[in-house]
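Please read them with the coordinates open.

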Amino acid sequence: MVRKDLHPAIQYLLLDAAREIHGGPGIFQKVGQFPAAEAIDVPLSDHARTFYTSGRPFLQRYLPFWLAVFAGQLLVLLIPVVGVLYPLLRLAPALYGWSMRRRIFRLYGELKFLDDELDRRGHEAVADVRTRLDHLEQRTNHMKVPLAFRQLQYTLRLHIGVVRQRLQ
């Protein structure tokens with residue numbers, strides 16, 4: 001008999017000790033007759049019922065007791081952490097790609113604004129647009145992007161060249 005708040009690992013140790021000490025044949029019992037899950041007035045704990053049906057827990061069968069208890073507690077902590085981190089790690093490359101494209105497309109927005117301004121104001125805005133276009137081209141040339149996104153950067157440079165030809 002044990003209290004309800006006794007740790008399950010200690011219950012397994014007590015059951016192991018009882019089986020080791022009292023599991024052999026004796027004057028009043030046969031081999032394996034005691035300890036056993038027999039019908040008694042006191043209810044059997046869930047851990048004792050598991051012990052009698054399938055033996056010690058998996059980790060305690062193959063690891064030392066202290067390591068099995070530590071690994072069991074670690075698993076309880078790691079499963080939710082992995083459950084949260086795995087989707088985040090799967091999402092990280094997509095977020096990185098989105099941020100790189102966003103940096104380049106923001107410059108595309110500025111180029112579109114300059115092109116529209118050139119269409120609206122005509123020849124009176126050439127000097128102003130040329131200065132801002134030079135600044136935009138300089139920002140594009142000095143932008144650090146990974147190799148996978150370099151194509152977008154070169155396409156932006158090409159489009160800046162198209163607007164520059166319109167200016168001339």
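**Notes on the model**

1. I begin with an aromatic residue. At 13% relative accessibility, Phe 149 counts as buried, the cut-off for that class being under 20%. Phe 149 sits in the loop between helix H5 (126–141) and helix H6 (150–167). Keep in mind that this is a predicted model.

2. What is the ring of Phe 149 paired with? Its partner is Tyr 96, and the geometry is edge-to-face, with 6.5 Å centre to centre and 70 degrees between the planes. The angle is over the 60 degrees required for the edge-to-face label, and the centre distance is given as 6.5 Å, where the criterion is within 6.5 Å. The whole structure holds three aromatic pairs, of which Tyr 96 with Phe 149 is one.

3. Tyr 96 belongs to helix H4, so its pairing with the loop residue Phe 149 ties together parts that are 53 residues apart in sequence. Buried or exposed, or in between: where does Tyr 96 fall? Tyr 96 is partly exposed, its relative accessible area being 43%, whereas Phe 149 is buried.

4. The loop between H5 and H6 also contains Val 145. With a relative accessibility of 7%, Val 145 counts as buried. Beyond its neighbours within four places in sequence, Val 145 is in contact with Met 100, Ile 104, Arg 150 and Gln 153. From Val 145 to Arg 101 the C-alpha to C-alpha distance is 9.6 Å, although the two are 44 residues apart in sequence.

5. Asp 115 deserves a look as a charged residue. Asp 115 is placed in helix H4 (residues 65–121). Is Asp 115 buried or exposed? Asp 115 is buried, at a relative accessible area of 19%, against a cut-off of under 20%. Setting aside residues up to four places away in sequence, Asp 115 touches Val 163 and Arg 166.

6. Phe 70 is another residue of helix H4. Phe 70 counts as partly exposed, at 49% relative accessibility; the exposed class begins over 50%. How far is the C-alpha atom of Phe 70 from that of Leu 118? The separation is 70 Å, for two residues 48 residues apart along the chain.

7. Asp 134 lies in helix H5 and is partly exposed, with a relative accessible area of 37%. Asp 134 and Tyr 86 are 48 residues apart in sequence, and their C-alpha atoms are 44 Å apart in space.

8. Now the chain as a whole. The secondary structure consists of six helices and zero strands, and the pattern along the sequence is α-α-α-α-α-α. The radius of gyration is 37 Å, well over the 15 Å that the globule rule gives for 168 residues, so the chain is more spread out than a compact globule. Its C-alpha trace spans about 115 × 30 × 20 Å along the principal axes.

9. How much of the chain is buried? Of its 168 residues, 23% count as buried. The accessible surface of the chain comes to about 12700 Å², with 64% of this belonging to carbon and sulfur atoms.

10. Among contacts between residues at least 6 apart in sequence, 61% join residues at least 24 apart.

Note on methods:
Residues numbered from 1 in each chain as written. Predicted model: local features only at pLDDT ≥ 70, side-chain atom pairs only at ≥ 80, totals over all residues. Heavy atoms only, no water. Helix = DSSP H or I, 4+ residues; strand = E, 2+ residues; numbered from the N terminus. Rg over C-alpha atoms; globule rule 2.2 N^0.38 Å. Buried < 20%, exposed > 50% of the residue type's maximum accessible area, 1.4 Å probe, protein only. Contact = heavy atoms within 4.5 Å. Areas by Shrake-Rupley, 256 points an atom, 1.4 Å probe, with all protein chains shown as cover. Phe/Tyr/Trp six-rings, centres within 6.5 Å; stacked < 30°, edge-to-face > 60°.
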